[in-house]
Amino acid sequence: MEEKTKKSNKKVSLLIKAVIVLIVVVIAFFLSQYVAEKNEKSTGSRRERIYAPMVEDDNAALVAFQQENPQRKVVLACEEDVTNDTLKDLLIIYKEDDPTEGEITRLVVSIAQQDGSYTYTEPIPAPIENQGIQFKNIDEEAEMEFIVSGEKDGAAGYAIYRMIDGQPMDLFGDGMEDCC
């Protein structure tokens, strides 16, 4: 009988050890999943695009643009000194009706002048939907580069511009022909 009790105690002891090992494995699994998820979130946030915010409705450059161009519906307007003259310029993406093409989306740069007035660049095609503007001094030279991105019917694209001779010049991009 004593032998039966010893065998029974051994089985119970083995069963307890097996349950403990199983609990440790399950905890380790869920802990690794948690750490991986946290790591993915922190890595993802570093890669996240940070777009420039839309200026307030009372921004002087925006008000001037809207007064001079009442037919143009502003979609996005972001401010930064892209001409390296210490004055904030305004990048404006707008929509308007074109007699031959229907509704078009364009980008102009409102260049601030020392006297408080603004000059405008020639309009260039801009993404139709989900537009975003980022400012980055990519080459660490004088003028600030800006990245315009967006979509059209799910096709995404972007272009990197720099102001050269008073006009935004496309330095590099991908897919803009599909989203403008």
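**Close-up views: a sheet and its aromatic pairs**

**View 1. A stacked pair, Phe146 and Tyr161, in a predicted model.** Phe146 and Tyr161 are both buried. Their rings form a stacked aromatic pair, with 5.6 Å from centre to centre and 20° between the planes. Planes under 30 degrees apart count as stacked, so this pair falls in that class. Because Phe146 belongs to strand β7 and Tyr161 to strand β8, the pair ties together parts that are 15 residues apart in sequence.

**View 2. Strands β7 and β8 side by side.** Let us stay with the two strands that carry this pair. β7 (residues 145–152) and β8 (residues 155–164) run antiparallel and are joined by seven bridges. Look for Glu151, which stands opposite Ala156 in β8.

**View 3. The open sheet β6-β7-β8-β9.** Here four strands line up in the order β6-β7-β8-β9, with antiparallel pairing. At the edges you will find β6 (129–136) and β9 (167–174), each pairing on one side only. On average, neighbouring strands of this sheet are turned by 25° against each other, direction ignored.

**View 4. A tilted pair, Phe65 and Tyr94.** The structure holds four aromatic pairs. One of them is formed by Phe65 and Tyr94, tilted at 45° between the planes and 5.8 Å centre to centre. Phe65 sits in helix α2 (residues 60–68) and Tyr94 in strand β2 (residues 89–98), so this pair ties together parts 29 residues apart in sequence. Phe65 and Tyr94 are both buried.

Technical notes
Residues are numbered from 1 along each chain as its sequence is written. This is a predicted model: local features need pLDDT of at least 70, side-chain atom pairs count only at pLDDT 80 or more; totals for chains, interfaces and linings use all residues. Side-chain values use heavy atoms; hydrogens and water are left out. Two strands pair if DSSP finds at least two bridges between them. Axes are lines fitted to C-alpha atoms, for helices over the stretch in contact, and angles run from 0 to 180 degrees between N-to-C directions. Rings of Phe, Tyr and Trp (its six-membered ring) pair if their centres lie within 6.5 Å; planes under 30 degrees apart count as stacked, over 60 as edge-to-face and the rest as tilted. Buried means under 20% relative accessible area, exposed over 50%, partly exposed in between (1.4 Å probe, protein chains only).
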